[in-house]
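Biologist: I would like to learn how to read pockets, sheets and helix packing in a model. Could we take them in turn?

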Amino acid sequence: MKRNLTPDDVRAAIWGGAILGGGGGGLIASGERAAGLALQVGTPQLWSIDEFDPAALTATMALVGAPAAPDPHVQPAHLLRTLELLQRELPAGQRLVGLHANENGAETTVNGWFHAAMTGLPVIDLACNGRAHPSSVMGALGLHTEPGYRSVQAYAGGEPGRYVEGVVAGRLEQTSAVVRRASVEAGGLVAVARNPVTVGYATQHGAPGAISHAIALGQTYLDGGVDAVARALDGRLVAEGTVRSYRCEQQEGLDVGIVELDDAARTTLRFINEYMLLEQQGRRIARFPDLVMTFSGDGQPVVSAHVREGATLRVLVAPRARLLLSRTMFMPELYRPLEQSLGEAFAPTEDALPA
């Protein structure tokens, strides 16, 4: 199916993406600006995966950095620059037929929409992962397991005095580390175009349908609020209270911190951009990639970077089985750096792997 993306799609995608961001996935206002600009400059189209030859090439459009960083700065020109740089690196005679997002989030669900509006390339109804995640490797379709795969990543961002751009190629882990470091040097955030693969590979290892899923969930939220979202995701609201303590610091280009509520259950949330762990009365209630998301007292999604002491929060939990997840969510080795940052083990066990 092919269709034009509309202002109603923008609104729903931002709110649905914010919820599926699970505390990360970028900022709501930034997502609204990026998607709104896309519709001002052109008419981006959303195509389902069956519109493409599986052997044709697509690439991931992403943002890398820490949402709470003090000086993030990505402009529309930076987005197009990354795509230009990446296309220069394609093998002779090959071209991209579409673009896809790295994940669902308030800002990341609409990754690629501006590129599509400006270039005429369609947005593919697919993301590398159907929820937000903290590391670039988690949003890379398991390419780190493919022998001989050469990752190519183009990045750009920063205020004029801190602007960086470049292209890095090599093994996935090493190129991702270089881009993460570039985001720090740029003030906290860079736009990235990365990892050309076939549509067939992205479909097999990613989350097809992720963009339309975010739009549908966003419409559910707009129509019925948090309670309707909980029903749609087979989730539940497990806590409501005032933020007693909030700590957040930037570590290697990521927001790492903890939220503690004053409720009777002593609810504690630990995050690395996204909420990783939810504990009540010292007992673990949910762990990533389960969806944990915070909402204000009046029902607005609140990302981890915008939590503040004294604010009222409601906490939603939804099981991982109700999300569109990439296979990387079930690769224990990708959790090791996150576990080191939090000092907690929470990687999925072998019996949690999908069949």
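**Reading the pockets, the sheet and the helices**

Modeller: We can start with the pocket lining. This is a predicted model. By class, the largest pocket is lined by 15 nonpolar, 14 polar and six charged residues.

Biologist: How much space lies in the largest pocket?

Modeller: Rolling a probe the size of a water molecule over the atoms shows where empty space is left. Here the largest pocket holds about 680 Å³. Its lining has 35 residues, and S30, L63, V74, E107 and L189 are the ones nearest the centre.

Biologist: Which element gives the largest share of that lining?

Modeller: Helix α2 does, with four residues. At least two residues each come from α2 (28–41), β3 (57–65), α3 (76–88), α4 (113–119) and β8 (189–198).

Biologist: What is the volume of the second largest pocket, and which residues are closest to its centre?

Modeller: The volume is about 490 Å³. The lining has 19 residues, with S135, S136, R180, L254 and P337 closest to the centre. Helix α5 provides the largest share, five residues. By class, the lining has eight nonpolar, six polar and five charged residues.

Biologist: Now the sheet. In what order do the strands of the open sheet run?

Modeller: The eight strands follow the order β14-β13-β12-β11-β10-β17-β15-β16, with antiparallel pairing. At the edges stand β14 (283–287) and β16 (301–302); each has a single partner strand, so one side of each is left without a neighbour in the sheet.

Biologist: How many bridges join β10 and β17?

Modeller: Strand β10 (residues 236–251) pairs with β17 (residues 312–318) over six bridges, in the antiparallel sense. One place to look is A239, whose bridge partner in β17 is V315.

Biologist: Which strands does helix α7 lie across?

Modeller: Helix α7 (residues 210–232) lies across β10, β15 (291–296), β16 and β17, and runs at about 70 degrees to β17.

Biologist: How is the packing of α1 and α7 to be read: roughly parallel or roughly perpendicular?

Modeller: Take the angle, then the distance between axes. Helix α1 (residues 7–20) packs on α7 at about 70 degrees, with the axes 6 Å apart. Angles of 65 to 115 degrees count as roughly perpendicular, and α1 and α7 are therefore roughly perpendicular to each other. The contact includes W15, I19 and L20 of α1 and L217, Y221 and L222 of α7. Its residues divide into eleven nonpolar, five polar and two charged.

Key:
Residues are numbered from 1 along each chain as its sequence is written. This is a predicted model: local features need pLDDT of at least 70, side-chain atom pairs count only at pLDDT 80 or more; totals for chains, interfaces and linings use all residues. Side-chain values use heavy atoms; hydrogens and water are left out. On a 1 Å grid over the protein atoms alone, a cavity is a set of points where a 1.4 Å probe fits but cannot get out, and a pocket is an open set with protein on both sides within 12 Å along at least five of seven lines; lining residues have an atom within 4 Å of a point. Grid points are joined across faces, edges and corners, and a volume is the space filled by probe spheres set on the points. Ala, Val, Leu, Ile, Met, Phe, Trp, Tyr, Cys and Pro count as nonpolar, Asp, Glu, Lys and Arg as charged, and the others, Gly among them, as polar. Two strands pair if DSSP finds at least two bridges between them. Contact means heavy atoms within 4.5 Å. Axes are lines fitted to C-alpha atoms, for helices over the stretch in contact, and angles run from 0 to 180 degrees between N-to-C directions. Angles under 35 degrees count as roughly parallel, over 145 as roughly antiparallel, 65 to 115 as roughly perpendicular and the rest as oblique.
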